[in-house]
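Hi there,

Here is the structure I said I would pass on. Have a look first, and then read my notes below.

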Amino acid sequence: MSQTHTEIESSYHESAAAAEIHRIRENLRIEGYAKADDSALGFPADFRDKLAWAYFNDEVLHSDVPDIPVDRKRARDVIYYEWHDSRLDLSEYENILIKNRGNIPGERKHSRVLLLENDYARNFIRTCLTLIPAGSRHDRGTLGVNLFRTFTQVVTRPHKDNEEYIIIYVVDKIGTGAESYLYRAENPDSLVFSATLHPGEMLIFKDDLFLHGATPLVPTDGQGAQRDALVCTVDYQGTYLALRPDMITG
Ligand SMILES: [Fe+2]
């Protein structure tokens, strides 16, 4: 049976996205980081608009007190995943509590979103987990998803998040600046990557190899500055699952 034009086009987009995923995995394996963009990964044209409309608003995002940077607004979700060969099962994890993160001592409980309820967000999460090279994956684990809206400082200084992989995806941005950088962890004078992520662009890296961060946002005349980003952590098993030994498989 011959394929329709639409079928041929969609299989072309699928194979182009598969090639892009392969490139990202190879860069991660060899260099420890990769830059990507959402169109090459096959995200729909209205993807960022839909995410922005659903989540990047004052009903969802809230300021934490104290938080660093002080004017940051945020929300968070934690997804539990299981790989069964090429099948990926996702569910909402039971809690989103983080302890002693980002030099802010004690327990931190942020406002929660349930991203799996949204087809666009679920597709984003699925893609993020698919980018991890198959040989480095755990059979099961957690993915932390942070939604950040920043206005001035994006972060305070170069740091690690102490998780396995970090994925930064910029949804929207007003103003300039916010240049993302990676310094080599064992030699903090060695700059490995430096570029401004524009809306739709993504940076993924192995957290323990680098110190990461971003320069401050710079307002443009009359419009101020604002950056909406999703920052995902492919967590170590100890982050959440250490409390649930029944869920750890190694
Ligand atoms: Fe970070």
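Let's begin with a pair of strands: β3 (residues 73-84) and β4 run antiparallel to each other, paired over six bridges. Please keep in mind that this is a predicted model.

Is β4 mostly buried or in the open? Strand β4 has six residues (87-92) and the number of them that are buried is zero, so the strand lies largely in the open.

**Helix α2**

Next, take a look at α2, which covers residues 47-55. Its buried residues are R48, L51 and Y55. They span an arc of only 65° around the axis, which puts them on the same side of α2. What do they pack against? The partners of the buried residues of α2 are β3, α3 (119-130), β7 (140-150) and β8 (165-174).

**The cores**

In soluble globular proteins, nonpolar side chains tend to be buried together. Here, the largest nonpolar core has 49 residues. Inside that core, the residues with the most contacts are I125, L143, I167, I168 and I204. At least two core residues come from each of β1 (33-37), α2, β3, α3, β7, β8, β12 (201-206) and β15 (226-234). Which element gives the largest share of this core? That is β8, with seven residues.

**A three-stranded sheet**

Last, there is an open sheet of three strands, in the order β11-β10-β13 and with antiparallel pairing. The edges are β11 (187-196) and β13 (210-214); each has a single partner strand, so one side of each is left without a neighbour in the sheet. From one strand to the next, the twist averages 20°. Strand β10 (residues 179-184) is joined to β11 by six bridges, the two running antiparallel. In that pairing, R184 stands opposite N187 of β11.

That's everything from me for now.

Cheers

Terms used:
Residues are numbered from 1 along each chain as its sequence is written. This is a predicted model: local features need pLDDT of at least 70, side-chain atom pairs count only at pLDDT 80 or more; totals for chains, interfaces and linings use all residues. A residue is buried if 20 or more other C-beta atoms lie within 10 Å of its own, exposed if 12 or fewer, and partly exposed in between; C-beta atoms are placed from the backbone. Helices (H or I, at least four residues) and strands (E, at least two) are DSSP runs, numbered from the N terminus. Two strands pair if DSSP finds at least two bridges between them. The arc is that of the directions from the helix axis to the C-beta atoms. Two residues are in contact if their C-beta atoms, placed from the backbone, lie within 7 Å. Axes are lines fitted to C-alpha atoms, for helices over the stretch in contact, and angles run from 0 to 180 degrees between N-to-C directions. A nonpolar core is a set of buried Ala, Val, Leu, Ile, Met, Phe, Trp, Tyr and Cys residues joined through C-beta atoms within 7 Å.
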